[in-house]
Amino acid sequence: MISFTVMAVTFGVVFLAELPDKTALAGLMLGTRYRASYVFVGVAAAFAVHVTLAVAAGSVLTLLPHRLVQAVVGLFFLAGALMLLMKKDDGDEEKIKAPADQSFWKVSGAGFMLILVAEFGDLTQIMTANLAARYDSPLSVGIGAVLALWAVAGIGILGGRTLMKYVPLRLITRVAAGVMLALAGFSLFEAVVG
């Protein structure tokens, strides 16, 4: 069964956590050099692979005792919130090696490889695994996470810098950290109360 509530919660958490990430900037850089649709296909495919791995890992965690899982999930959400709050903006842009030609396969392949490598073990992948462990709805978590990551990629590819002129990155980061703190609190409460 698909839970729209779980999908919406997952979308919100993953979207807010990924928006201040350098992946949006990498997508923007590729999108300014190459056809946006080609870039998006590669980036979207890489995010689908990451979400599948994260949901599978989170689903394995549900085999453990419920209180233990909630305690671990709560601690991971708390760690994620702290990582966001303590993250320093170093202004360092990733260097992206441009493909020599602009064919669909070269451009989408460059986007795929960039995201596949850069996002492995990233905060949003860990948060997706946590959400899959927290909620007994892996499909809902997977759909919500993929849609959130695709939305951030689309924003990045089509003009993330414009968005950042109107919405401060610091505000987005703090809202994402606040949502994660709330999820940490709920998970830790469930671990204690049972």
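This is a predicted model: local features need pLDDT of at least 70, side-chain atom pairs count only at pLDDT 80 or more; totals for chains, interfaces and linings use all residues.
Q: Why is α6 described as largely enclosed by the rest of the structure?
A: The helix α6 has 12 residues and reaches 16 Å from its first C-alpha to its last, close to the 16 Å expected at 1.5 Å a residue. It is largely enclosed because, of its 12 residues, the number buried is 11.

Q: Which residues does Phe77 touch, not counting residues up to four places away in sequence?
A: A contact requires heavy atoms within 4.5 Å. With those sequence neighbours left out, the partners of Phe77 are Met127, Asn130, Leu131, Arg134, Met180, Leu183, Ala184 and Ser187.

Q: Which element gives the most residues to the largest nonpolar core?
A: This core has 40 residues, of which Val39, Phe77, Leu131, Val141 and Met180 touch the most other members. The elements that give two or more residues to the core are α1, α3, α4, α5, α6, α7 and α8. With eight residues, the element that gives the most is α7.

Q: What percentage of contacts between residues at least 6 apart in sequence join residues at least 24 apart?
A: The protein chain has eight helices and zero strands, and 44% of its 194 residues count as buried. Among its contacts between residues at least 6 apart, the share that joins residues at least 24 apart is 92%.

Methods. Residues are numbered from 1 along each chain as its sequence is written. Side-chain values use heavy atoms; hydrogens and water are left out. Helices (H or I, at least four residues) and strands (E, at least two) are DSSP runs, numbered from the N terminus. Buried means under 20% relative accessible area, exposed over 50%, partly exposed in between (1.4 Å probe, protein chains only). A nonpolar core is a set of buried Ala, Val, Leu, Ile, Met, Phe, Trp, Tyr and Cys residues joined through side-chain atoms within 4.5 Å. The expected span of a helix is 1.5 Å times one less than its number of residues.
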